[in-house]
Amino acid sequence: MAAEDLVERRSIDVVPDDERHGTAFSQFTLWLGANLQITAVVTGALAVVFGGDVVWSVVGLLLGNLLGGAVMALHSAQGPKLGLPQMIQSRAQFGVRGAVVPLLLVILMYVGFFASGSVLAGQATARLTHTDDTTGIITFALITAVAAAVGYRVIHVLGRVASVVCALAFVYLGIRLLDRVDLSALLGDAHFDLPMFLLAVSLSASWQLAFGPYVADYSRYLPRTTSGRATFWWTLSGSAVGSQWSMTFGVLVAASSGEAFLADQVGYVVGLGGTGLIASFLYFSIALGKLTINVLNTYGGFMSMVTGISGFRGQKALSQRGRAAYIALIMVAGTAVALLGKDSFLTSFKDFLLFLLFLLTFFTPWSAINLVDYYLISRERYDIPALFDPRGRYGAWRWDALLVYGVGVLAQLPFLVTHFYTGPLAAPLGGADISWIVGLAVPAALYWLLARRDTSHIPEETRYTLASGPAH
């Protein structure tokens with residue numbers, strides 16, 4: 001393949017049929033590789049750090065991965081049909097400019113994930129290259145930016161490689177961990193606590209739901225004839241298996257290691273495996289796993305920024321220079337946050353995850369509205385040229401959807417539990433946070449009731465741009 005064919009040319013514009021390629025199985029390897037990584041391990045560990053036991057933490061994490069993963073995979077299935085980035089498609093619900101409302105917080109989330117991933121990967125990179133953590137973080141960030149600039153093809157190559165390399169590393173680490181711990185004792189100390197159980201569910205569900213705003217970005221190059229069902233199941237299985245595998249390992253590590261893991265997450269995990277070449281392989285695996293997911297976060301952040309700004313500027317495409325500038329901005333912001341938080345990672349990451357649960361109050365209503373519109377109201381029929389025209393059938397602002405979105409956000413507040421705010425209805429539930437469930441159910445029902453009353457903006461069949469050939 002020539003270098004010019006490797007570098008992605010598309011950004012927010014629709015992918016024409018003659019550039020489509022791949023199979024739905026590519027979603028499995030991408031999301032497996034993206035989730036077999038150290039930050040997912042730390043996320044699982046936090047279920048125990050916050051006070052849960054091993055058994056119910058694992059069960060809660062599994063339930064959250066399946067529920068959140070199903071929502072995320074429903075978004076993924078939109079990619080082959082429309083050939084568009086996820087957030088561009090949401091203009092059909094919120095308007096060409098109205099789609100910017102959730103995007104601001106989406107970008108903030110990606111910068112946070114970039115930063116947390118860069119700290120852990122930077123530590124692994126520093127140990128591989130025998131430098132300090134600051135150098136490791138900066139080196140890792142630069143590699144991430146280059147991979148994101150190349151784009152879609154290199155992202156899927158990373159996913160395929162990481163799915164194999166990181167799976168081998170986790171199998172080996174799992175065997176080593178089980179040799180050290182008394183598994184029967186850990187499993188025997190089971191005590192169900194509803195708030196802790198629901199916290200575990202929320203940790204993993206939020207992990208999965210956070211992929212929703214960009215998951216279709218990585219399925220949009222699949223041929224239009226690709227089965228939506230196949231895309232859904234391969235995405236769900238890759239993401240749920242990878243994250244549950246990593247998080248379960250994190251639960252066992254946190255429950256058996258005491259303060260050793262909390263003091264040095266990367267060092268402790270690698271120390272389980274040994275020294276010399278094995279340690280180098282494990283450091284490489286950690287860096288590779290984080291590179292895969294951090295490229296997704298950088299790419300998703302860049303796409304979200306372009307989607308928001310282009311709605312006001314009238315852009316339908318982006319130059320390579322513009323692409324590099326947006327990616328550089330995400331990299332600089334994420335690296336700055338990483339360097340500020342590198343000396344107190346676990347505390348910073350705990351605070352970020354709790355903040356992410358708060359951010360979900362703004363993401364879940366968007367997700368609910370997007371999915372109800374795609375599958376139940378529009379039934380996969382969209383006027384793609386109109387998604388770039390504020391004067392077109394979708395308009396600049398769709399106030400009905402924005403109103404439902406606002407109601408969906410407010411409906412969650414009584415059930416929300418964060419370190420800076422607890423809703424009044426959380427106490428009767430024992431302090432359990434079910435706000436994300438409310439954030440999916442309430443706007444889904446309201447949008448369905450409102451949107452089905454007027455479907456005049458829905459075309460009889462999907463209209464594609466001229467670059468994609470005639471309408472199908």
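Start by selecting Arg-323 and Ala-149: a polar atom of the Arg-323 side chain lies 3.1 Å from the backbone oxygen of Ala-149. A polar contact is a pair of N or O atoms within 3.5 Å; within protein, one must be able to donate a hydrogen and the other to accept it, and residues adjacent in sequence count only if both atoms are side-chain atoms. This is a predicted model, in which local features need pLDDT of at least 70 and side-chain atom pairs count only at pLDDT 80 or more, while totals for chains, interfaces and linings use all residues. Residues are numbered from 1 along each chain as its sequence is written, and side-chain values use heavy atoms, with hydrogens and water left out.

**Stop 1: around Arg-323**

Keep Arg-323 selected and show helix α17 (residues 320–341), where Arg-323 is found. Helices are DSSP runs (H or I, at least four residues), as are strands (E, at least two), and they are numbered from the N terminus. Is Arg-323 buried or exposed? Arg-323 has a relative accessible area of 3% and is buried. The cut-offs are under 20% relative accessible area for buried, over 50% for exposed, and in between for partly exposed (1.4 Å probe, protein chains only).

Now display what Arg-323 touches, not counting residues up to four places away in sequence: Glu-8, Arg-10, Ser-11, Ala-148, Ala-149, Val-150, Gly-151, Tyr-299, Phe-302 and Leu-318. Contact here means heavy atoms within 4.5 Å.

**Stop 2: α10 and α13**

Two packed helices are described by the angle between their axes and the distance between the axes. Select helix α10 (residues 152–180) and helix α13 (residues 228–257), which pack at an angle of about 30° with their axes 11 Å apart. That makes α10 roughly parallel to α13. Axes are lines fitted to C-alpha atoms, for helices over the stretch in contact, and angles run from 0 to 180 degrees between N-to-C directions. Angles under 35 degrees count as roughly parallel, over 145 as roughly antiparallel, 65 to 115 as roughly perpendicular and the rest as oblique.

The crossing of α10 past α13 is left-handed. The term means that the near helix is turned anticlockwise from the far one by less than a right angle; if clockwise, the crossing is right-handed. To see the contact, show side chains on both helices: from α10, Ala-167, Phe-170, Val-171, Leu-173, Gly-174 and Leu-177 meet Trp-245, Ser-246, Phe-249, Leu-252, Val-253 and Ser-256 of α13. By class, this contact of α10 with α13 has nine nonpolar, three polar and no charged residues. Ala, Val, Leu, Ile, Met, Phe, Trp, Tyr, Cys and Pro count as nonpolar, Asp, Glu, Lys and Arg as charged, and the others, Gly among them, as polar.

**Stop 3: two partners of α16**

Leu-30, Trp-31, Gly-33 and Ala-34 of α2 make the contact with Gly-289, Thr-292, Ile-293 and Leu-296 of α16. Those residues of α2 and α16 divide into five nonpolar, three polar and no charged.

The crossing of α15 and α16 is right-handed. On the α15 side, select Val-266, Val-270 and Gly-273; on the α16 side, Ile-278, Ala-279, Leu-282, Tyr-283 and Ile-286.

**Stop 4**

Select Leu-63 in helix α4 (residues 54–76). Leu-63 is partly exposed, at a relative accessible area of 36%. Beyond four places in sequence, Leu-63 touches Phe-197 and Val-201.

Then go to Thr-364 in helix α18 (residues 345–377). Thr-364 counts as buried, at 1% relative accessibility. Leaving aside neighbours within four places in sequence, Thr-364 is in contact with Leu-209, Gln-412, Trp-436, Gly-439 and Leu-440.

**Stop 5: two loop residues**

Most residues other than glycine have a negative phi. Select His-130, whose phi is near 60°, a positive value. His-130 is found in the loop between α8 (100–129) and α9 (133–150), and at 72% relative accessibility counts as exposed.

Finish at Glu-380, with a positive phi near 70°. Glu-380 lies in the loop between α18 and α19 (399–412) and counts as partly exposed, at 30% relative accessibility.
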